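These are my notes from going through the model. I put down what I looked up and what I found.

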Amino acid sequence: MKRVQFSSPYLPYLFIAPQMAIIFVFFYWPSVQAIQSSFYLEDPFGFGSTFVGLSNYVDALGSAQYQSIARFTVVFTALVTFLSLGFGMLLAVKADAVLKGSSTYKTLLIWVYAIAPPVAGLMGMMFFDQHIGPLVKFAALFGWDMKVGLNYNDTAFAMIAVSVWKQIPYNFIFILSGLQSIPVSVREAAAIDCRSGVRRFWTMTLPLLAPTAFFLLIINMTYALFDTFGVIDVMVKDKAANNPITLVYKVYMDGFRGNDLGGSSAQSVILMIVVFVLTVFQFRFIERRVHYN
Amino acid sequence: MNRIRLFDHLVLMFGVFIMVAPVVVAFMTSTHEAADIHRNGLSLTWGDHFAETYDKVLTRKGGFTGEITGARMIWNSMILGVGFAAGKIVLSMLAAYAIVYFRFRLGTLFFWMIFTTLLLPLEVRIVPSYEVMNKLALTNTYTGLIVPLLASATGTFFFRQFFKSVPEELLEAARIDGAGPFKFFIDVLVPLSRTMIAAIFIIMFVYGWNQYLWPTLMTTDERFFTLVRGIKQILLVWVGSNIPDYNEAFALAILAMLPPVMIVLIFQRWFIKGLTESDK
Amino acid sequence: MASIGIRDVSKIYNGGVTAVSAVNIDIADGEFIVLVGPSGCGKSTLLRMVAGLETISQGEVTIGGRTVNDIDPADRDIAMVFQNYALYPHMTVYENLAYGLKNRRTPKAEIEARVAEAARMLELQPYLERKPRALSGGQRQRVAMGRAIVRKPSAFLFDEPLSNLDAKLRVSMRGEIKRLQRRVGTTSIYVTHDQLEAMTLADRLVVLSGGRIEQIGRPLDVYHRPATTFVASFIGSPAMNLVNGEVHGSKLALGPALIDLGAAVPTQGAVTVGLRAEDLRLHDDGQGGLPFRIDYVEELGAQRLVHGMVGDQPLVAALSSEIPLPETASLSIAPSRLHFFDTASGRRIDWSAEAAGPVAAAVVSEVVA
């Protein structure tokens, strides 16, 4: 905080009040509600609710369907994270290396960031369409009879492809700005100390990028867990039964299609814990990162 | 040396191809007729039905109620994007100003309460949030669409970070020059934050425009549909039809991405600044 | 224009750290006072308490006879010049100068007149419509001073205003500040860590260390009669040599040499002896004097600084570069030029060397080292 501050008995409260009011009504109230209703069983016809303790949690975690969705979520998250991070890093390193046209490449590579996930999903549907999709035709060349929307694995493949495509620009921007913030003097010192470019990348560039990469790792995991909702929702077209979905999608399905408020809330709380752990991890790391700079 | 550079360029061009080609194809295809697409697949060439398709998508009344047009959805998206971005900036600048420039008893507590919102994204509390909106009778309103999305700390953190980087002597000089809390905010801090405000506006506009889950929950009345929210509806109408309106679907996708993409491209420098500095 | 009183002023931070303790300074109307000391000595804190930017933990600050402890900085009728200038980057030079006046609801014509006058004084007229970032460091510095001048305050407060400038500019701005202050005659408090700046600007110096005043006095008085070893080593460049010696009657044992002081020093036994580098001379005949083992020489052009050892204690002598240096030198000093300090407290021991006269030191005999 500032060395010199204003002191006023009411002004700070006045300034912070709008934000606090909105946070209370739209963040704390629902969050508390979620935790509360996760311990109750709601009557499907709206006639009150009964306290059931942890049984919503036990039901959720015990069900084979939940477990298989959780497994898919883990695989999906891991693949989306590593693939988008990998491609983003590859392109950023190359864009940083070329002298000519670097900014043109940058412009052409970042703008997909602005496309909404469901719009990306819609385009994915077209490209993986049974009749007109060029990617399906391309796969057929290799004898792969792709049936997105019908075959579980094919749908998963398409979802991952679209989600990765959409996320590459984000990683690209961050890694490129991380690379460009490495001081020229450090690069020059490294160029004098180490002749091999590849070795230089592994021993100098990558360690210096580590904080950025770690930050992106968490951001990408959050993206894969939550922001891909739009992609998934568009691509499974409400026929979730045979199709791969993630845990967030299941919360939505159970809450809004299945009207299982208690079960959905319990799942929400489980997800809250996952995100909470991830974020605390991230902030502890960022705290440490401050000392780097 | 040269060979390495050539290889670098090849990798980059391949990357550009992967990122750009789908959108180009989508746009080109949207200028053909549906039947034509159905017969020949996606297209890389210009069709002759650009005006016709886009006019139809923008002005034809559709949806289940037959009330909603593409133009109306663009308008709603615009309200959401601009309203969200503006709301975010006003709220978070005020809150960050209080946190950074005032010493007050509950300051630390408030700071942590705002900070906590970063821990739980909207997606994990959709059902109870919906319940709350129902109780407040805010479903199918612009308020219900925009305000709950403001309940997060991203902007506040961004401005807090920026305010902390403003030299302290500026405040001291202003105080000696006789500026009180309001004057300092309006005369010094807001003008100093202009670039920051622009950067955060761009990020938040794109974020707001691209919202999907929340509008899906909040709006059942088609008059309040945003373009991004309407997309699934379009897909649902298709199911079962003989020749799906591929051209219209592509046209809507292009329209839905056009404003945020244009903003990102035009204000690229601010956008990157806002993005890389706000998410830390 | 006003006098400033600082009475028993202390700053104690929440953690119990005392930054300034019980400081008393009386500043006369129109006087130019320089607070000087190493970083962390509390000089800026003291200035900021006068400005009202820090609360005063204990004591009282008066400006023009009015106690200002609880008065807002804007109402203390002071103006401040900051180290990093603190110009409003989004305002033009004109707006920067006028901002404080506008906030005080000064009539528009009056603002224009005052800004024009300040701009003329500081030769800023061509830059009035520019933003600060289009100005050089020296020009920014002048705008910062202009912002203080237009207000016509009772006091100017300067917080290390020249330390962001390069060496050459610093010298010329130093002159400019002095000239301006003489012209407008406003009471000024100036904070710096640069002893040379302090010496050249001040009517009176206040040397601070560890939150306490070491000495207050006119620059030459402080230079010639430093009150403590701290002041002795802080004021003057190169720093005064401080070596251990022993007084026996009217004789001083310094390393291997014994110096006849010609008069009694009001102390006996171990003592800290101060010798200014420029008071040391080469002993002509190479016999007697302080035997001086030369380590290395810094050539400054007009003179040279010779670093070496007397016995096992380091010493610097400023010698003329005209005279060739012998292999092994021996130094002499007029006893009246010697300073004595209590070894334990570091306080100056006053003595009268008049009786000794300005004769070159007579070395009675060599003591076995």
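How far apart do the C-alpha centres of domain 1 of chain C and domain 2 of chain C lie? I found 39 Å between the two centres.

**Ground rules.** I am working from a predicted model, in which local features need pLDDT of at least 70, side-chain atom pairs count only at pLDDT 80 or more, and totals for chains, interfaces and linings use all residues. Residues are numbered from 1 along each chain as its sequence is written, while chains are lettered from A and ligands numbered from 1 in the order in which they are written.

**Domains of chain C.** I looked up the bounds next: domain 1 covers 4-231 and domain 2 covers 238-366. These bounds come from an automatic or database domain assignment. I then checked how the two domains touch, and 6 residues of domain 1 of chain C are in contact with 7 residues of domain 2 of chain C. Contact here requires C-beta atoms, placed from the backbone, within 7 Å. On the domain 1 side I noted 3 nonpolar, 2 polar and 1 charged residues. In this classing Ala, Val, Leu, Ile, Met, Phe, Trp, Tyr, Cys and Pro are nonpolar, Asp, Glu, Lys and Arg are charged, and the others, Gly among them, are polar.

**Chain A.** I noted 12 helices and 2 strands in chain A. Helices (H or I, at least four residues) and strands (E, at least two) are DSSP runs, numbered from the N terminus. Along the principal axes, the C-alpha atoms of chain A fill a box of roughly 75 × 70 × 30 Å. Chain A has 293 residues, of which 42% count as buried. I take buried as 20 or more other C-beta atoms within 10 Å of the residue's own, exposed as 12 or fewer, and partly exposed as in between, with C-beta atoms placed from the backbone. Of the chain A contacts with a separation of 6 or more, 69% are between residues 24 or more positions apart.

**Chain A against chain B.** I find 77 residues of chain A in contact with 78 residues of chain B. Helix α1 (residues 11-37) of chain A gives the most to the chain A side, with 17 residues. By class, that side has 56 nonpolar, 16 polar and 5 charged residues.

**Core.** I looked for the largest nonpolar core and found one of 268 residues, in which A:V119 and B:A253 have the most contacts. Such a core is a set of buried Ala, Val, Leu, Ile, Met, Phe, Trp, Tyr and Cys residues joined through C-beta atoms within 7 Å. Helix α4 (residues 70-101) of chain B supplies the largest share of this core, 16 residues. Domain 1 and domain 2 of chain C each provide at least three residues to this core. I then listed the contacts of B:A253, leaving aside neighbours within four places in sequence: A:V119, A:L122, A:M123 and B:A26.

**Helix α11 of chain B.** This helix (residues 194-209) has 16 residues and reaches 22 Å from its first C-alpha to its last, close to the 22 Å expected at 1.5 Å a residue. The expected span is 1.5 Å times one less than the number of residues. Why is α11(B) largely enclosed by the rest of the structure? I count it so because 12 of its 16 residues are buried. Among them are B:M196, B:F201 and B:W209.

**Strands of chain C.** I count two strands as paired if DSSP finds at least two bridges between them. Strand β3 (residues 32-36) runs parallel to strand β9 (residues 204-209), with 4 bridges. C:I33 has C:R204 as its bridge partner in β9(C). β9(C) also joins strand β10 (residues 212-217) through 5 bridges, antiparallel. These two strands form a hairpin with 2 residues between them, and C:G210 in the turn has a positive phi of about 55 degrees.

I looked up an open sheet of 5 strands, in the order β15-β19-β16-β17-β18 with antiparallel pairing. β15 (281-282) and β18 (313-320) stand at its edges with a single partner strand each, so one side of each is left without a neighbour in the sheet.

**C:D260.** Last, I checked this residue, which lies in strand β13 (residues 257-260) of chain C. C:D260 counts as partly exposed because it has 16 C-beta neighbours inside 10 Å. Its C-alpha atom is separated by 44 Å from that of C:S44, 216 residues apart along the chain.
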